[in-house]
Amino acid sequence: MKIKIVGLTGQTGSGKSEVAGLLTSEGIDVIDCDKISHLVTDTEKSCLCDLALEFSISILNLDGTLNRKKLSSIVFGDSEKLKKLNEIIFPYIKAEIASRIKKLDKNGKPLVILDAPTLFESGLNKDCDFIISVVAPLEERISRIVVRDHLTDDEARKRIASQHDEEFFISNTDAVIRNDGSLSHLEEETAKAVEKMCMTFSRLLKNEECQCSESDRFAEDGVNEESKED
């Protein structure tokens, strides 16, 4: 059976990483797409060169590595520049993700979670069998981003404004986790999303088994008809 791919996404500052941590603690394989983004810009020199050519060498540190804060200040708040950034970096990220999924599938893993903030922008949603989104109140998200990324309130709001709104995630996903309470509440919300995911995959598996049974029956009928003709 082909490995099932589950997309985990949501608004920046929504607490998606906490959900990913809960899933990991349950033994589920999680691919952190943010870490892969850092990996490709650190190790893929062609990617770094493409970025420097597009946004100037001002995005590089003195040692030639990517100055992420500088790049963020350029693209967030400018939809065209953000689009260009995505066009450059996504192919590198998707290639690395595909390689990791292939390895997990080869090792017989039944399921993998893609922890992907830009799941829809990258087109990775098209590869997913199920999508979970995490949403949270605006002010809580701003507070988290300011502390986590060392941004000003204005910078945090600009980053949020450059992304899809809550309604987009609710409308385009299979399960929604609302992170608007305590940790125990988040655990309950995550458990509900996982339960819905399992029920969906269970139905899909039954449908696949039915289709296989039908195919076998038709094949058997065909053999029997040929035997009669002989």
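Asn179 is placed in the loop between strand 5 (175-178) and helix 10 (183-229), where helices (H or I, at least four residues) and strands (E, at least two) are DSSP runs numbered from the N terminus. The model is predicted: local features need pLDDT of at least 70, side-chain atom pairs count only at pLDDT 80 or more, and totals for chains, interfaces and linings use all residues. Residues are numbered from 1 along each chain as its sequence is written, and side-chain values use heavy atoms, leaving out hydrogens and water.

Asn179 counts as buried because its relative accessibility is 6%; buried means under 20% relative accessible area (1.4 Å probe, protein chains only). Its side chain reaches the backbone oxygen of Ser14 at 2.8 Å. Beyond neighbours within four places in sequence, the contacts of Asn179 include Gly15, Val134, Pro137, Glu140, Arg144 and Leu186, contact being heavy atoms within 4.5 Å.

The largest nonpolar core has 35 residues, and Ile31, Leu51, Phe55, Ile97, Ile101 and Leu114 are those with the most contacts inside it. Such a core is a set of buried Ala, Val, Leu, Ile, Met, Phe, Trp, Tyr and Cys residues joined through side-chain atoms within 4.5 Å. Helix 5 supplies the largest share of this core, 10 residues.

Helix 5 (residues 79-106) also meets helix 4 (residues 68-75): their axes come within 7 Å and cross at roughly 130 degrees. Axes are lines fitted to C-alpha atoms, for helices over the stretch in contact, with angles from 0 to 180 degrees between N-to-C directions. The two helices are therefore oblique to each other. Leu71, Ile74 and Val75 in helix 4 touch Lys81, Leu82 and Leu85 in helix 5.

Definitions and conventions: Angles under 35 degrees count as roughly parallel, over 145 as roughly antiparallel, 65 to 115 as roughly perpendicular and the rest as oblique. Buried means under 20% relative accessible area, exposed over 50%, partly exposed in between (1.4 Å probe, protein chains only). A polar contact is a pair of N or O atoms within 3.5 Å; within protein, one must be able to donate a hydrogen and the other to accept it, and residues adjacent in sequence count only if both atoms are side-chain atoms.
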